Amino acid sequence: MDYIIEMLGITKEFPGIIANDDITLQVKKGEIHALLGENGAGKSTLMSVLFGLYQPEKGIIKVKGKEVAINGPTDANALGIGMVHQHFKLVHNFTVLQNIILGVEEVKHGVVKTEAARKKIVELSQKYKLFVEPDALISDITVGMQQRVEILKMLYRDNEILILDEPTAVLTPQEIDELMNIMRDLVKEGKSILFITHKLNEIKAVADRCSVLRRGKYIGTVDVEDADKEVMSEMMVGRKVNFTVAKEDAKPKETVLEVKNLIVESKREGHTKRLVNDVSFSVHKGEIVSIAGIDGNGQSELVQALTGLSSLSGGQIFINKEEVTKKNIRYKNTHGLSHIPEDRHKFGLVLDYTLEDNLVLQEYFEPEFQKHGILQREKITKHADELIEEYDIRSGQGSVTPARSMSGGNQQKAIIARELSRRPDLLIAVQPTRGLDVGAIEFIHKQLVKGRDEGCGVLLVSFELDEVMNVSDRILVMYEGEIVGELDPKVVEIKELGLYMAGSKRGGHHED
Amino acid sequence: MKTDKNTKSVTDAQNQKTCFFSRWFTKILSSGFTASLFAIILGLLTGLIILLVANPGQAVSGFFMIMFGAWSEGLKSIGMTFYYATPIICTGLAVGFAFKTGLFNIGATGQFTMGAFAAVIVGTSCSFLGSAQWIVGLLAAVVAGALWALLPGLLKAFLNVHEVISSIMMNYIGMYLVNYTVSNVPILYNQLTNSSAQISDTAVIPKFGMDKIFAGSAVNAGFIIAVLVAILMHVILNKTTFGFELRAVGFNRNASKYAGINEKKSITLSMTIAGALAGLGGGLLFLGSLGKHIEVVDVLASEGFDGISVALLGLSTPLGILFAALFIAYIKQGGFYLQLYEFSKEIIDIIIAVIIYFSAFSLFVRGAIKRYLSYKKEKAEAAAGSMGVSGSTSNSIGAGKAGNGSTGNSIAGAGKAGNDESKGGSV
């Protein structure tokens, strides 16, 4: 069998740690090869080596049987290797079209020509059902569409070997199915795909073979058909993992959040669309209510209106029976509300602050941490050390580690530690497990349930069906800015939930 | 030469002592201080080249005069260095403080001018205040500078008008307003010299014994005030909740809003405080001695722009700014004596400008040093690792090093992700 890519005995060290320890990865032509491993297992490092961003200390790389030296993304591109990074590399104030052609644009007399590119992009997007608006600005489109742009970027460059780094982290179930189909089509056309993930369902669904890394070491490669989920997860984590969250039935108590007729109108000029349309619901203490739905159906706007990050156009919000519609963010935060934001880099953390400063971001002004306006550094450090211990936040230098240098999973743990340790009455968690590995997800789900059992009301916004079904006590489905159904996770089936999310079913009445 | 030693000691990692030394050395080398020092040396060397071109015969002795001239008259010239440093400590703080909170205050010049103007008004027309006159004058300067920065601050916070544009405009408005007022109000104007009138004796900042220590120089209590203000700013920025909020807004406006910080208020306040600092600088200079007058010329005050280089050279930290201002004053004092070697005044100004100009590269130099060090370190550690000596000590440094992210930043995205991954693995 021909291998299109062979990475043999790759060793890559960083000061003090061996990120890749003698790793061998062989990808056959025309296969979907999954690379499985927890956060920090060395997957991204290995891909950076393949992409020429790092030079390995040992080992060789062969492409199509020939040994090659890859010194940078340009070399990789020339060899037909393309990559979609976990954190997208898009210019936010450029349009979709401009982003796709960036770097390979056709220039005539110093002017960029886009007609041919536009035609090719439209063709590609129809062929692979990668729907994009060529003239929309990246900053205006959803994360899901941004990813389609990234995939189109590779296809536009006629890459043969496609590396997808955690491509499904941001997609809805339907979108994931579409992506799987796209991947199958791509392979049929002779492309080879290297699929980095820690989601076992997806590997089972689409991959041919799977290589597993753990803590920088190569554990083995299995044929996906012969291996079941339990085997692969044990290879990945090194122990048995619980896929379902152990929890008792909810014991809902008094109402903690009540939303009445909430409306958010689009602020873009010329748009009068209601992004959140007349939404009413309530959350009680001691229960987890999820808002399920496909990305971009008004969940972000709803949450931003609830927390005060953006203003609402109409309606009322009550927390602990007190109207807080017009109160500022600080007031809400100190009166029972905690918020795990959707974007941990944009909202959740001051990345240039240390871990300990980030851990008091919501409390630095409390008497506990300041005296006459002077920060009590010792107490802040002690507070951080306690949370680091309790929530198992791992970082290079402990409490003084800059947040920027921590791994995504540990950044998220820090936010969760900060928000839960305040003993909130109401926790609004948006995509709390986005981009995290099985171990971290298990941990965070446990924390959410623990918070619930301690009497906190949890409003969980999630695009992941498994998460919605596993964790919540009640499901609200949002579609085009409205709540179209309230479901019981113990009764409803995933398929039916999907129909609500797609808008083809409403309020429990069968319409089609 | 220095780096040779560094490499050697890292590869020699078995020896704990050398390892400790190398760590210490690396820390010094990668700190901002070294970067500023390198920038200064670079600037001085370029200055030497200009001297060689302008007057080869006297170049070397001229160069030494720049370097050590500020000692040539002993305590007197040191006192003069302090005197020159006083206003630029303030304008440097005005730029650096705003910069720490995410704002580029290019309007320090205008704020400085307004501060000087307010101080001179009090100094010339309020002699009834007696011995409190200089204090009132300084307070007036602080208020005037603050007001002059308030408008750009409000515009930035509420309408997102870029502070660079609005504060540049305020610079010119300030300068022309002051020139117009001085030359049209008889009590403020001295027609003979085309400048502001003499301030009263009681408006002059007292010496507090500085004139005894630094006999013959113009230094006064203003220098002590500037130093205290720098220390105060250090405390505010790093030790208080207020500074915590200001810096948070500077780093990440969205996260600050999320955390309930009133980011509009923070931006406005930060700009206003910056203005107050620059205004104080104006007050300290123009109430510093009887001989200082506002000249009616259409030139923006250079102290404001010096503040930008001082802030850059001091890496925007208040204590760094203090030393950077002293350095620039020191060079200027040396340049003053350069006239002895028949260099024209313009050449001296050019050389000083070049040195300051290079100093502004300190950030760039720091980046370069960091990249070089992490490259060296990676290589050295790898070598040590393959020899099987990566003990627990080097482990902990390693994690820290990978954590600083400078490598990741320099080689685009995936590099960063990789860096994060590798860290996760280490702990």
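**Chain B, helix by helix**

Colleague: Where is the place of B:Ser316 in chain B?
Modeller: This is a predicted model, in which local features need pLDDT of at least 70 and side-chain atom pairs pLDDT 80 or more, while totals for chains, interfaces and linings use all residues. Residues are numbered from 1 along each chain as its sequence is written, chains are lettered from A and ligands numbered from 1 in the order in which they are written, and side-chain values use heavy atoms, leaving out hydrogens and water. Helices (H or I, at least four residues) and strands (E, at least two) are DSSP runs, numbered from the N terminus. B:Ser316 has its place in the loop between α14 (302–313) and α15 of chain B.

Colleague: Is B:Ser316 buried or exposed?
Modeller: Use the cut-offs: buried is under 20% relative accessible area, exposed is over 50%, and partly exposed is in between (1.4 Å probe, protein chains only). The relative accessible area of B:Ser316 is 8%. So B:Ser316 is buried.

Colleague: Which residues does B:Ser316 touch?
Modeller: Contact means heavy atoms within 4.5 Å. Residues up to four places away in sequence are not counted here. That leaves B:Gly96, B:Phe99, B:Lys100, B:Ala311 and B:Ile321.

Colleague: How do α14(B) and α15(B) lie to each other?
Modeller: Axes are lines fitted to C-alpha atoms, for helices over the stretch in contact, and angles run from 0 to 180 degrees between N-to-C directions. These two pack at about 125 degrees, with their axes 8 Å apart. Under 35 degrees counts as roughly parallel, over 145 as roughly antiparallel, 65 to 115 as roughly perpendicular, and the rest as oblique. Therefore α14(B) and α15(B) are oblique.

Colleague: How many nonpolar, polar and charged residues does the contact of α14(B) with α15(B) have?
Modeller: From α14(B) come B:Asp306, B:Val310, B:Ala311 and B:Leu313, and from α15(B) come B:Ile321, B:Ala324, B:Ala325, B:Phe327, B:Ile328 and B:Lys332. Ala, Val, Leu, Ile, Met, Phe, Trp, Tyr, Cys and Pro count as nonpolar, Asp, Glu, Lys and Arg as charged, and the others, Gly among them, as polar. The contact of α14(B) with α15(B) has eight nonpolar, no polar and two charged residues.

Colleague: How does α4(B) lie to α15(B)?
Modeller: The axes of helix α4 (residues 56–68) and helix α15 (residues 318–337) of chain B come within 6 Å. They cross at roughly 140 degrees. That makes α4(B) to α15(B) oblique.

Colleague: Which residues of α4(B) and α15(B) make the contact?
Modeller: The contact has seven nonpolar, one polar and no charged residues. α4(B) gives B:Met65, B:Ile66, B:Met67 and B:Phe68. α15(B) gives B:Tyr330, B:Ile331, B:Gly334 and B:Tyr337.

Colleague: Are α5(B) and α13(B) roughly parallel or roughly antiparallel?
Modeller: Helix α5 (residues 75–100) and helix α13 (residues 263–286) of chain B pack with their axes 8 Å apart. The angle is about 170 degrees. Therefore α5(B) and α13(B) are roughly antiparallel.

Colleague: How do the residues of the contact of α5(B) with α13(B) divide?
Modeller: In α5(B), the residues include B:Tyr83, B:Pro87, B:Cys90 and B:Phe97. In α13(B), they include B:Ser270, B:Ile273, B:Gly281 and B:Leu285. The residues of this contact divide into 14 nonpolar, four polar and no charged.

Colleague: Does B:Asn160 count as buried or exposed?
Modeller: B:Asn160 lies in the loop between α7 (133–159) and α8 (163–184) of chain B. Its phi is positive, about 55 degrees, although B:Asn160 is not a glycine. At 55% relative accessibility, B:Asn160 counts as exposed.

Colleague: What is phi of B:Asn194 near?
Modeller: B:Asn194 is in the loop between β1 (189–190) and β2 (195–196) of chain B. At 30% relative accessibility, B:Asn194 counts as partly exposed. B:Asn194 is a residue other than glycine, yet its phi is positive, near 50 degrees.

Colleague: How many helices and strands does the secondary structure of chain B come to?
Modeller: Chain B has 427 residues, and 55% of them are buried. Its secondary structure comes to 20 helices and two strands.
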